[in-house]
Each structure stands twice: as structure tokens, then as C-alpha cells.
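Open your viewer and get ready to select. We will go from the whole chain to single residues.

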Amino acid sequence: MSLDLPRTEARTEARGRAASPAADEIRQRLEHARSTRLAQLKALDESGQSSDDHLTSTQKEAIKRVLAEIDEAFARVDDGTYGACLGCGKAVPPERLEILPHTRHCVACQRRAN
């Protein structure tokens, strides 16, 4: 995962064409979520906490999991499956996607998964 090039630019260049306005908005939300998590990781790294610190280690792993989910969401945007629940196949409500743009499941399927 490159920290130099924003994901939105990388995807647009890789495709060689402009994205639709809806896809652009989705990518912007995902990029914002990605940037926020990267800033959190950087802050944890700069906090001076030992890498052996259990809490810091747990926080870093959780952030890295979310970053992986964000990367998966970018792939779903590219392949046209973004917004469909991976559990039941139904559309994830737009309100949920607005809050968690990288979510893979609707609320019902997420509850079943936990």
C-alpha cells in the first residue's frame, strides 16, 4: 500500500479514463477514510509508545484491518459490486455507506457475522 499517491489518483490513472460522478464521490469518501486511518497510524508511531505495548499494538492492527477493508472497497468500486452486501447480495443502505464507506455488509448480515 503506497502512502505517496492517493488511492483515487492511482485508480483513475490505472483505468486511463475518468470515473463517473457517483464513483468519484465514493472514492473521495474512501480516500478520506484511508487518509484518516493513515494519520492515526502515524500518530501512534510518533507517540513514543513501545511496539511491545499491547494496547498500541492492538490499535495498530485494528487500523491496518480497516485499511485492508478500504482497499477491498476500492476494488468493489472498480468491479461494480460496491454497495451490494457480500452476505445477502442486497443493496447496503446509502446511509450506512455514508458512515462506513468501506462496509461489506448490511446491518442484518453484519449482526449475523459477529
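**Before you start.** This is a predicted model, where local features need pLDDT of at least 70, side-chain atom pairs count only at pLDDT 80 or more, and totals for chains, interfaces and linings use all residues. Residues are numbered from 1 along each chain as its sequence is written, and side-chain values use heavy atoms, with hydrogens and water left out.

**Stop 1: the whole protein.** Show it as a cartoon. You will find five helices and zero strands. Helices (H or I, at least four residues) and strands (E, at least two) are DSSP runs, numbered from the N terminus. Buried residues make up 32% of the 114 residues. Buried means under 20% relative accessible area, exposed over 50%, and partly exposed in between (1.4 Å probe, protein chains only).

**Stop 2: the largest nonpolar core.** Select Ile 26, Leu 30, Ile 70, Val 77, Tyr 82 and Cys 85. Within this core of 15 residues, they have the most contacts. Helix H2 (21-46) and helix H3 (54-79) each supply at least two of its residues. H3 gives the largest share, five residues. A nonpolar core is a set of buried Ala, Val, Leu, Ile, Met, Phe, Trp, Tyr and Cys residues joined through side-chain atoms within 4.5 Å. In soluble globular proteins, nonpolar side chains tend to be buried together.

**Stop 3: a second core.** Now pick Leu 38, Leu 41, Leu 44 and Ile 63. They are among the five residues of a second, separate core.

Stop 4: An unreviewed UniProt entry places the feature "domain: Zinc finger DksA/TraR C4-type" here. UniProt positions are given in the numbering used here, feature names are shortened, and annotations may be inferred rather than shown by experiment.

Select His 105, in the loop between helix H4 (94-99) and helix H5 (107-113). Is His 105 buried or exposed? It is buried, at 16% relative accessible area. Not counting residues up to four places away in sequence, His 105 touches Cys 85, Leu 86, Gly 87, Val 92, Arg 96 and Gln 110. Contact means heavy atoms within 4.5 Å.

**Stop 5: the cysteines.** Cys 106 is buried at 11% relative accessible area, and Cys 109 is buried at 8%.
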